[in-house]
Amino acid sequence: MSDSDKLITLLKQKAKLVAMIAPSFPIMYDPKTIVSKLKSIGFTYVVEVAVGAKETNRQAVSILKNNPHTRFITSPCSSFVRYMRTKHPDLLHYVAFEVDSPMVATAGIVKKKWPEHQPVFIGPCLLKKLESSQDRPDLNILVLTYRELDQVFSHFSNESNKTYETYSSFDLSESSTRIYPIDGGLTDSSGARNLLKEDEIRVVSGVKNMEAALTEFEQNKKIRLLDVLFCEGGCIMGPGIASNLKIQERKDKITAYAHS
Ligand code: SF4
């Protein structure tokens with residue numbers, strides 16, 4: 001059964017569900033109506049994954065603060081983590097696995113607040129499905145891409161032709177980390193730039209750029225933070241997004257919402 005079908009079944013069974021929507025969502029959906037739209041098909045609560053990203057930042061910055069000589073590579077990108085496990089087991093000790101990804105951190109917050117509800121992550125990433133099922137099965141997160149969510153919306157709009165309220169706010173929201181899906185989002189929103197000098201930070205995105213960045217990280221011991229995302233440009237270019245927008249147009253949508 002596809003994950004869209006799983007979600008349709010759960011919604012029809014009136015299961016208690018919390019939608020956790022990734023910070024790249026404004027590329028595909030109107031921030032003013034997405035909460036109403038999700039609640040109209042049966043979600044009880046709708047939260048921004050930017051909430052968990054704030055916790056990711058807190059954990060990452062606390063490593064830097066508490067260990068003045070530590071150097072590490074960020075871990076929120078599921079594809080990058082898998083790439084490292086396969087291609088660079090020798091460098092795995094640099095990957096900060098102790099820092100929760102925004103999806104995992106948000107699910108932890110949701111589980112604490114609404115223990116009877118199942119978290120449903122909706123985002124741009126296919127590999128988050130493996131992060132959920134292989135790395136954190138205890139959290140029982142159902143993972144859908146935006147493309148799959150569109151199939152769910154189509155299913156319910158065929159049935160009921162619902163209209164959506166013009167505005168409804170998130171049950172949990174966070175503006176400081178809404179830039180997370182743009183490459184360097186973690187570094188720029190966490191305060192790491194206030195803690196470290198420019199030559200102690202590297203930001204890289206795109207699989208073709210990663211090898212050079214890893215080699216530099218290995219050789220240049222000055223670098224304390226390597227902030228990596230597998231998709232070139234960051235999660236805004238994730239495969240689960242259905243959009244014809246160019247990279248700059250996607251960035252503009254994210255920054256406009258972050259500053260709204
Ligand atoms: S950069 Fe791409 S692969 Fe990595 S978490 Fe974002 S969408 Fe997934």
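The model is predicted, so local features need pLDDT of at least 70 and side-chain atom pairs count only at pLDDT 80 or more, while totals for chains, interfaces and linings use all residues. Residues are numbered from 1 along each chain as its sequence is written.

A residue is buried if 20 or more other C-beta atoms lie within 10 Å of its own, exposed if 12 or fewer, and partly exposed in between, with C-beta atoms placed from the backbone. Leaving aside residues up to four places away in sequence, V18 is in contact (C-beta atoms, placed from the backbone, within 7 Å) with F43, T44, Y45, V47, V110, W114, H117, P119 and V120.

Around the ligand stand C77, S78, S79, P124, C125, L127, L229, F230, C231, G234, C235 and G238, each with its C-beta atom, placed from the backbone, within 6 Å of the molecule. This shell divides into eight nonpolar, four polar and no charged residues, where Ala, Val, Leu, Ile, Met, Phe, Trp, Tyr, Cys and Pro count as nonpolar, Asp, Glu, Lys and Arg as charged, and the others, Gly among them, as polar.

Helices here are DSSP runs (H or I, at least four residues), as strands are runs of E of at least two, numbered from the N terminus. Helix α3 (residues 50–66) and helix α5 (residues 102–113) have axes that come within 7 Å and cross at roughly 110°, the axes being lines fitted to C-alpha atoms over the stretch in contact, with angles from 0 to 180 degrees between N-to-C directions. That makes α3 roughly perpendicular to α5, a term for angles of 65 to 115 degrees. In this pairing V51, G52, A53, E55 and T56 of α3 meet P102, M103, A105, T106 and I109 of α5.

R224, in the loop between α10 (207–219) and β7 (225–229), is buried, because 22 other C-beta atoms lie within 10 Å. Its contacts, not counting residues up to four places away in sequence, are L64, T70, R71, L196 and E200.

Most residues other than glycine have a negative phi. K14, in the loop between α1 (3–12) and β1 (17–21), has a positive phi of about 55° and is exposed, with 9 other C-beta atoms within 10 Å.

Terms used. Two residues are in contact if their C-beta atoms, placed from the backbone, lie within 7 Å. Angles under 35 degrees count as roughly parallel, over 145 as roughly antiparallel, 65 to 115 as roughly perpendicular and the rest as oblique.
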